[in-house]
Amino acid sequence: MIKAVRGTRDLLPPETALWNFVEAAVRDVFRAYNFQEIRTPIFEATELFARGVGEETDIVSKEMYTWDDPPGRFREYVERYRELITALQEGRQLSGGPVPLENLAGQQSLTLRPENTAGVVRAYIQHKLWDRGLNKLYYIGPQFRRERPQKGRYRQFYQIGAEVIGPASAGSESPARDAEVLEMLATLLDRLGIANWNLELNSVGCPSDRVKFNEALRNALEPVKEKMCADCQRRAVTNPLRVFDCKVPEDQPIIEKLPRISQFLDEGCRTHFEAVQAILAKVGVRFSLNDRLVRGLDYYTRTAFEFTHGALGAQNAILGGGRYDGLSEALGGPAAPGIGFAIGEDRLVMSLQEKASAESVLRKPDVYVAPMAGMNGEAARLARELRRNDLVIELGDDSFRLKKSFEAATKAGAKYILIVGENEVKADSFALKNLATGEQVSVPRAELAQRIQG
Ligand code: HAM
C-alpha cells in the first residue's frame, strides 16, 4: 500500500468542515480590517528564501525542499570538470570536451515555499503593488519544511497569514499598524472561541541595534562557545542572534546568561515599542513581554511576537510574526516597512478541537431524495429545485429498495427523506418523512422547500 509521505497527512471529513469553518471566520475578520487575498506560487527561486529568510536560519539551512530545474545538469557539469581536471593532473590525454556552458543556461534552483512572507514581498515588488494602493494582503495555503514530524509539526502544514506593507509615507512604519495587527489577532482568536492564549511581545530593534547586540553576543560567546553544540559554534561566528534558536538542552544554561536585546534598543526603537504597548493597553489586548523572543527568521526588525496556547503541548506557538522594515530592500525593492504574521492553521484547528467537535460545524443533508423504480430523472429534477433553495440534498438511486434508501438516509445524517414514486409525481405532491420524529406528510411540490426550511 502506498501511504502519505511522513510528515504529510490527509485531512478528511468531518475535520475538513472545521477547517472550512476556521477559514470562513478568518476571511470575515480580514474583510472587517480591509485585507485582501493574495495567492503566490507554491515554489519560488531558492534565492528568494536565502536572501529573505536568511542563510543561517534553520529554515533555510536545514529544512527546505530544494531541487535543480531541470534536474541533474549542474551535477553533470561538475562531474565532467572533475574528470577533466583529474585527467590533466595525471597527464592523461583529454578525451571529449567540457560540457557546454549553455547546458546550464536556464537552470535554476527552486524551493517549495517554507513560508509566505518572502513570496508576498516579492509579489509586492514585482507588481509595484504600492501603485495600486494594495498594502494589506492575506493568504491561506500550504507551506513546506523538512522538520522532524510530531504532534502539531508537519512537513506540509498550512498557514493563514497577513502582511501590511507599503511606503513609509502610507504610515506602514507606524506603531498603530503593529497594534492594529495584534488587536485583529486577539479578535480573531476570541471570535473562534479560543480562550487562554498568551501574547508574547518583544522588540528585536533595528539593524544598527543588531550590530551592537551581535557584537556583544560574539564577545559573550567567545569564552563559552567550545562547550556548545556544533550549530551554535558556527552561529557564534556567522550570525550570533541565531544561537537563541538552539533547542539543545545542555546549551540552555549558557544561552540564559547571554545579553538581552532589550538592553541594546536605540531611542527610536524604544519609543516605537512603547507606543505599540500603549495602544494595546488602550484597546484592552493583554500581553506579556519576553526579551528572549527573537523568532527564527532573519528579516525581523522592531516588534516581534508569538501567540501561544497551553493545550498544544510542546509545539505551543499557534502563530508568530513581526515587523520586517528592511525586507523589501533586501529583495531589491523600494523601502517598504511591513508587519505581518502567520497562524499555523493545523495548530489552530487542533486547539479548536479541544472544545468543538467537527460534527458541530458540519452541515448534514437536509433531505435524502429517494427515487422509486424508474424515477431517477424525476428525483434529479426535484433535487435540482431544492438545491436552488440552498438546501443540502443527498440524492439516492432508483435501484434501491425503500428499506435501503432509509438506511442510506440515516447513515448520511439527513433530517428528512423524500419519496419520489410514480403516484407522487402524478399528484405533484411528495411523501416527506422526518427521520428523527417519524412524522410523515404529503407536501405539494411548490411548498416543499419552505416546509423543509421551516
Ligand atoms: P513562523 O513562526 O516560522 O513564521 O511560522 C508561523 C506559524 O506557523 C508558527 O507559529 C506555527 O504555528 C506554524 N508552523 C511553523 N512550522 C510548522 C510546522 N512544521 N508544522 C505546523 N505548523 C507550523 C513565519 O512563517 C513568518 N512568515 C510569519 C510572518 C508573517 N512574519 C511576518 N509576516
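Visitor: At what angle do the axes of helix 1 and helix 12 cross?
Guide: This is a predicted model, in which local features need pLDDT of at least 70, side-chain atom pairs count only at pLDDT 80 or more, and totals for chains, interfaces and linings use all residues. Residues are numbered from 1 along each chain as its sequence is written, and side-chain values use heavy atoms, with hydrogens and water left out. Helices (H or I, at least four residues) and strands (E, at least two) are DSSP runs numbered from the N terminus, and axes are lines fitted to C-alpha atoms, for helices over the stretch in contact, with angles from 0 to 180 degrees between N-to-C directions. The axes of helix 1 (residues 15-32) and helix 12 (residues 345-353) come within 10 Å, and they cross at roughly 110°.

Visitor: How are helix 1 and helix 12 oriented to each other, parallel or perpendicular?
Guide: Angles under 35 degrees count as roughly parallel, over 145 as roughly antiparallel, 65 to 115 as roughly perpendicular and the rest as oblique. The crossing angle here is roughly 110°. Helix 1 and helix 12 are therefore roughly perpendicular.

Visitor: Which residues of helix 12 make the contact with helix 1?
Guide: Contact means heavy atoms within 4.5 Å. Helix 1 contributes Glu15, Leu18, Trp19, Phe21, Val22 and Glu23. From helix 12 come Glu345, Asp346, Leu348, Val349, Leu352 and Gln353.

Visitor: Which strand gives the most residues to the shell around the ligand?
Guide: A residue counts as near if one of its heavy atoms lies within 4 Å. The ligand is surrounded by 27 residues, and the closest are Glu115, Glu147, Tyr154, Arg295 and Tyr300. With six residues, the most is given by strand 10.

Visitor: Which residue does a cis peptide bond join to Asp69?
Guide: Another cis peptide bond runs from Pro13 to Pro14, with omega near 5°. At Asp69, omega is about 0°.
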